[in-house]
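Below are my notes on the sheet and on the helix packing. Please read them against the coordinates.

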Amino acid sequence: MKLIKKINNNFALAQDSKGEQMIAEGKGIGFMKMPCDLQDYGMVTRTYYSFDSKYLDLINDLPLEVIDLASEVYDYLLKKLDCPINPNLPFILADHISFTIERMQKNISYTFPMYYELKCLYPVEYEASLYAAKLADSYLHIHLPENELAGIILNIVNAEMDLGSVKQAELVDDWVSRLVEIIETSSGITISREGFNFSRFVSHVNYLCRRITGLDEKLNSQNVQMYEEMAREYPVDSDYVEKFAAYLKEKYKLTLDTEEKLYLLLHVNRLCSRELQ
């Protein structure tokens, strides 16, 4: 195995004996001078093949324990599911769990009305979500509420199949373009369309689109007061959301309710803060 480039202290881009590129994980592996041939294969605890390069930046944003947790869930699914699974699921799932923990620390919770439906429709994915919750207790000493498992199930289901349609993709593209235009015009920030931050933002706009167009059930989290507090704390980001809500109302006759505004505000704030770092 040849180590090509350091990602962080515990991850590196690598190449196997067949010349195939992968991500190698191992404690302290990033301290080695690269490029180099790895002599001690015992250093490598896990490898990730067929990854999308846009997830490389994400690795630096996530705790190692969360990535390992998500990777174990991925391994569990490979044994249980008889279908192809997106090889980037460990990073997608780690990002979701990390963001869930962030929200929990801020006392922001969502109630997913479709949780019990998902539990019945996707029993293997549900069992995997329980496994993720068990690992979170063990690795992170964090108890994931039962309701939060719905988000994990949805991420797994999305990794198994393409739920989008051409019409849906066109709609999401328009929404993303308009929202980014609002942010860039008002703030002077140039939002990078490359990398994971933007990809993650597009994914969340896609989820938003599915809910308010009726493809998925709406959020019901009783967070009206929380939105008002967040809007006061982040007035600029809140203004972006309100302008976007007005756009949806005018062009599509769709109403962005308070729950969805809170959801969008969190992700707009996250996107903008990452761009300013």
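1. Strand β1 (residues 2-8) and β4 run antiparallel and are joined by 2 bridges; two strands pair if DSSP finds at least two bridges between them. Leu3 has Cys36 as its bridge partner in β4. Strands (E, at least two residues) and helices (H or I, at least four) are DSSP runs, numbered from the N terminus.

2. This is a predicted model: local features need pLDDT of at least 70, side-chain atom pairs count only at pLDDT 80 or more, and totals for chains, interfaces and linings use all residues. Residues are numbered from 1 along each chain as its sequence is written, and side-chain values use heavy atoms, with hydrogens and water left out.

3. The open sheet has 5 strands in the order β4-β1-β2-β3-β5, with antiparallel pairing. Its edge strands, β4 (36-37) and β5 (46-49), each pair on one side only.

4. Helix α3 (residues 89-105) has 17 residues and spans 24 Å from first to last C-alpha, close to the 24 Å expected at 1.5 Å a residue (1.5 Å times one less than the number of residues). Of its 17 residues, 14 are buried (under 20% relative accessible area, 1.4 Å probe, protein chains only).

5. α3 packs on helix α6 (residues 149-160) at about 160°, with axes 10 Å apart (axes are lines fitted to C-alpha atoms over the stretch in contact, and angles run from 0 to 180 degrees between N-to-C directions). The two helices, α3 and α6, are therefore roughly antiparallel (over 145 degrees). Residues in contact (heavy atoms within 4.5 Å) include Leu89 and His96 of α3 and Gly151 and Asn155 of α6.

Key: Buried means under 20% relative accessible area, exposed over 50%, partly exposed in between (1.4 Å probe, protein chains only). Angles under 35 degrees count as roughly parallel, over 145 as roughly antiparallel, 65 to 115 as roughly perpendicular and the rest as oblique.
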